[in-house]
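Subject: Two-chain model, handover and notes

Hello,

Below is the structure I said I would pass on. My notes on it follow.

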Amino acid sequence: MVLIMLDDLDRRILRNLQADPTQSIPELADHLGLTASRLSRRLEKLREGGGLRGIRAVIDWQVIGYTVEVSLRVTLDKTNPRAFDEFIPAARQIPEVLEIQTFLGQVDVRLSVIARDMRHYQTIYREKILYLPHMADIEALTHVARIKTNKGLPL
Amino acid sequence: MKVGATLDDLDLALLRALSEDASQSAGALGRGLGLSQPATWRRVKRLENAGIITGRRLDLDAEKLGFGVTVFLGVKLATKGRLSLEDFERAVVAIPEVQTVEHVLGLYDYRLRVVARDISDFERVLRRRIMTLPGVGNVDANVLLSEERRPGPLA
């Protein structure tokens, strides 16, 4: 892993863009007192180094009708050496899985799953989740509210 | 706008494309889908106005930018009641290293995503900031090893 050394200007650029990713290059350049071309070069360098992966739209799944969000904590059967390698591609095949995270700790994998309602969730759970390979244990946490959403890194 | 029913295939394709790369111009976005620039722009505006696209997110590689450790903490409050929830929430959202706070139902009360430069930095955050939060009880930790976001059910 090659770390990217950020200078103060890189940090200011990323902090500002993090706070409002919809800003255009000229707007942001103006705000930071840079020329647009100098800002573009900096952003290009951050992209090339892999520190800045992109700007993505945030979708509100509730508005599209997915009202249920469940966090599934899965413990895998570690006696099988291929447990991770087979579980993860299988989980990717379920369209309602929004996030796949792996952990060092009591939990091995966390899946974030959305569904239209509880009945739809039951169907996904019984017909898709329970067929995932090498699960030793599974438990669910239901989201009540998001108190703080990801505003990015403390750069 | 009654959604769910009103999203057609082009809307879904736009959502897929924008959740991959929201920095493209309406022209570039439309070309991939066989839509004119003005038609693309109108559709994206409609998705934004309906609250389906809630904003843009900067996708940064935390590890490359020097934040090598991400830990999910499950926090159980020692004292319950409306006041203790409010006190806890107010204090926890103010910690810069805490990226997300979710109120959940299940094994614990809150799920926090904490980012730190390394393990000793994480220990500092845990001791000085998390364990001193009002009402905090049991805390369990899972260190994030890998993470991927999936496009979701947009087919």
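Two strands count as paired if DSSP finds at least two bridges between them. Helices (H or I, at least four residues) and strands (E, at least two) are DSSP runs, numbered from the N terminus. By that rule, strand β1 (residues 52–59) of chain A is joined to β1(B) by seven bridges, and the two run antiparallel. Within this pairing, A:I59 stands opposite B:I53 in β1(B).

Conventions: this is a predicted model, in which local features need pLDDT of at least 70 and side-chain atom pairs count only at pLDDT 80 or more, while totals for chains, interfaces and linings use all residues. Residues are numbered from 1 along each chain as its sequence is written, and chains are lettered from A and ligands numbered from 1 in the order in which they are written.

Confidence

The model scores ipTM 0.86 and pTM 0.87. Chain B has a mean pLDDT (the predictor's confidence in each residue, from 0 to 100) of 91, and 97% of its residues reach 70 or more. Over residues 1–5 of chain B, pLDDT stays under 50, and the model has nine contacts beyond four places in sequence for them. A contact here means that the C-beta atoms of two residues, placed from the backbone, lie within 7 Å.

Interface

In chain B, 57 residues are in contact with 53 residues of chain A. On the chain B side, the elements that give two or more residues are α1 (9–20), β1 (53–60), α4 (82–93), β3 (98–105) and β5 (136–149). The largest share, 10 residues, comes from β5(B). By type, this side of chain B divides into 27 nonpolar, 14 polar and 16 charged residues. Nonpolar covers Ala, Val, Leu, Ile, Met, Phe, Trp, Tyr, Cys and Pro; charged covers Asp, Glu, Lys and Arg; the others, Gly among them, are polar.

Domains of chain B

An automatic or database domain assignment divides chain B into domain 1 (9–49) and domain 2 (69–143). Their centres, taken over C-alpha atoms, are separated by 38 Å.

Two loop residues in chain A

A:H134 is in the loop between α6 (118–127) and β5 (135–148) of chain A. A:H134 has a positive phi of about 65 degrees although it is not a glycine. It counts as partly exposed because it has 19 C-beta neighbours inside 10 Å; buried needs 20 or more other C-beta atoms within 10 Å, exposed 12 or fewer, and partly exposed lies in between, with C-beta atoms placed from the backbone.

A:T79 sits in the loop between β2 (68–76) and α5 (83–92) of chain A. A:T79 has 8 such neighbours, so it counts as exposed.

Regards
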